[in-house]
2 protein chains.
Amino acid sequence: MFQKVLIAEDADLASSGVRKALEELEIPKIEYSQYCDEAFIKFKNAIRIEEPFDLLISDLSFVGNPNTQRLHSGDELVKEVKSLDPTLKTILFSIEDRPFKVKQLCNDLALNGYVWKSNDALKDLKKAISLIKDDNFFISPQLAHVLRSKESFEITSFDIFLLQHLAEGLEQKEISEELKKKGIKPSSTSSVEKRLKLLKENFNASNPTQLVAITKDFGLI
Amino acid sequence: MFQKVLIAEDADLASSGVRKALEELEIPKIEYSQYCDEAFIKFKNAIRIEEPFDLLISDLSFVGNPNTQRLHSGDELVKEVKSLDPTLKTILFSIEDRPFKVKQLCNDLALNGYVWKSNDALKDLKKAISLIKDDNFFISPQLAHVLRSKESFEITSFDIFLLQHLAEGLEQKEISEELKKKGIKPSSTSSVEKRLKLLKENFNASNPTQLVAITKDFGLI
DNA sequence: ACTTACTCTACGGCTACCCGTAGGGTTTTG
DNA sequence: CAAAACCCTACGGGTAGCCGTAGAGTAAGT
């Protein structure tokens with residue numbers, strides 16, 4: 001079992017819950033940071049005194065932190081600590097459930113576990129820890145589907161085409177006509193509708209307006 | 001009349017038209033740059049040899065320029081040259097017709113003239129030059145309304161509220177309910193509709209989706 | 001060649017958006 | 001005080017988006 005675990009979590013409610021779960025697992029050394037920068041410093045010091053952490057459990061979004069912080073989110077923290085110690089096990093602990101984002105995080109950060117802050121968050125967290133110590137990967141069951149390649153959602157140039165024209169104010173029928181004009185294969189208004197529906201589901205958008213807002217934030221358009 | 005005029009314009013079609021107009025006004029020295037950086041260097045050199053320009057006519061958007069350019073658009077160029085020579089007269093010559101943007105440019109840059117690239121662009125440009133030499137301000141008549149304070153469009157916190165909730169996927173009826181919940185005065189769906197209509201007109205958006213895309217680009221939300 | 005599976009397309013009912021109109025309330029003007 | 005102007009609100013008809021369904025076309029497997 002893990003000997004020394006670092007928690008990075010800004011919400012006290014969440015961090016106390018995580019701490020309790022870890023105590024129940026009889027993990028001897030548990031440390032906690034409210035800010036990413038602080039967590040990173042603790043991590044570096046632990047290496048320096050040759051008592052390194054063997055597990056990091058980090059939140060994703062840290063809100064209301066002072067602007068002076070260098071690291072603003074859990075993914076940045078994970079990236080930094082893994083570059084210092086590639087053998088470190090990491091669990092991301094977040095409310096984020098957008099398939100696109102979850103998949104991106106799991107792949108880009110080479111996480112060992114992704115625990116979704118659902119109603120069963122602590123149960124999932126305990127399960128994750130016991131699996132990860134044997135080098136297995138864990139993801140909360142409600143999100144497991146996003147990693148199955150069959151269901152996984154790839155953003156295509158077709159999607160970008162739709163989103164860009166949507167952002168330019170074209171309506172679905174007009175986008176369909178544009179597709180026909182350019183000789184792009186699926187071109188019916190029905191196909192445009194269907195693909196936009198998938199995009200909305202994938203980005204948790206309830207209508208095209210929100211979809212454009214979200215994908216603009218993602219930098220897709 | 002002006003003695004030495006600098007044109008900054010990337011489209012040869014446009015710059016040759018401007019040059020012709022200036023020749024018809026019997027302006028002795030006319031110089032031309034295709035890039036903002038080049039224009040700025042010409043401007044500095046002219047000051048150095050004590051033969052400064054007394055008028056700058058600049059396009060707004062310079063497309064397809066090499067990335068190496070420091071200045072990317074006409075407004076940046078105007079800002080730079082005015083900081084070197086505050087007495088310089090400047091005319092912005094652009095296709096930009098969005099009221100919000102036009103007003104912002106005229107005010108922030110302290111322009112002497114704004115000529116809209118309409119069908120009467122050269123006629124307007126000549127008129128602008130003759131007015132400006134007597135320290136008057138000129139704006140193309142089709143855009144004059146955007147500066148009249150009575151008609152001018154101010155972005156209020158109410159607008160930001162609407163745009164943010166629109167970007168979050170709420171529909172008009174739901175936004176109306178949010179307004180009622182927060183006790184904000186105009187709260188009917190009809191009022192929401194009407195204000196959104198004005199916003200769309202102001203930003204040249206044809207539907208809420210495009211409106212969100214545009215205002216996101218503006219950095220409003 | 002037939003079946004199966006998948007994709008693209010077409011259609012119809014429902015809802016949200018869009019736009020003009022009109023009525024009620026407050027403020028401004030004469 | 002009354003008239004006018006203005007703003008907020010309510011309503012109704014037309015249009016675009018939304019969703020399920022169903023049919024046509026294509027590709028792969030038996």
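Analyst: In this predicted model, the largest share of the surface near DNA strand D, four residues, comes from H8(A), where a helix is a DSSP run of H or I with at least four residues, numbered from the N terminus. In total, 15 residues surround DNA strand D, and the closest are A:Glu171, A:Pro208, B:Ser187, B:Ser188 and B:Ser191; a residue is near the strand if one of its heavy atoms lies within 4 Å of it. Of the DNA atoms that come within 4 Å of the protein, 67% belong to sugar and phosphate.

From chain A, an N or O atom in the side chain of A:Lys197 is 3.0 Å from a phosphate oxygen, while for the side chain of A:Glu171 the distance is 3.4 Å. From chain B, B:Ser188 instead uses a backbone N or O atom, which lies 2.9 Å from a phosphate oxygen. The elements that give two or more residues to this surface are helix H8 (189-202) of chain A and helix H8 (189-202) of chain B.

By residue type, the surface divides into two nonpolar, six polar and seven charged residues, with Asp, Glu, Lys and Arg counted as charged, Ala, Val, Leu, Ile, Met, Phe, Trp, Tyr, Cys and Pro as nonpolar, and the others as polar.

Residues are numbered from 1 along each chain, with chains lettered from A and ligands numbered from 1 in the order written. Local features need pLDDT of at least 70 and side-chain atom pairs 80 or more, whereas totals for chains, interfaces and linings use all residues, and side-chain values use heavy atoms, without hydrogens and water.

Note on methods. Polar contact = N/O pair within 3.5 Å; in protein donor to acceptor, adjacent residues only side chain to side chain.
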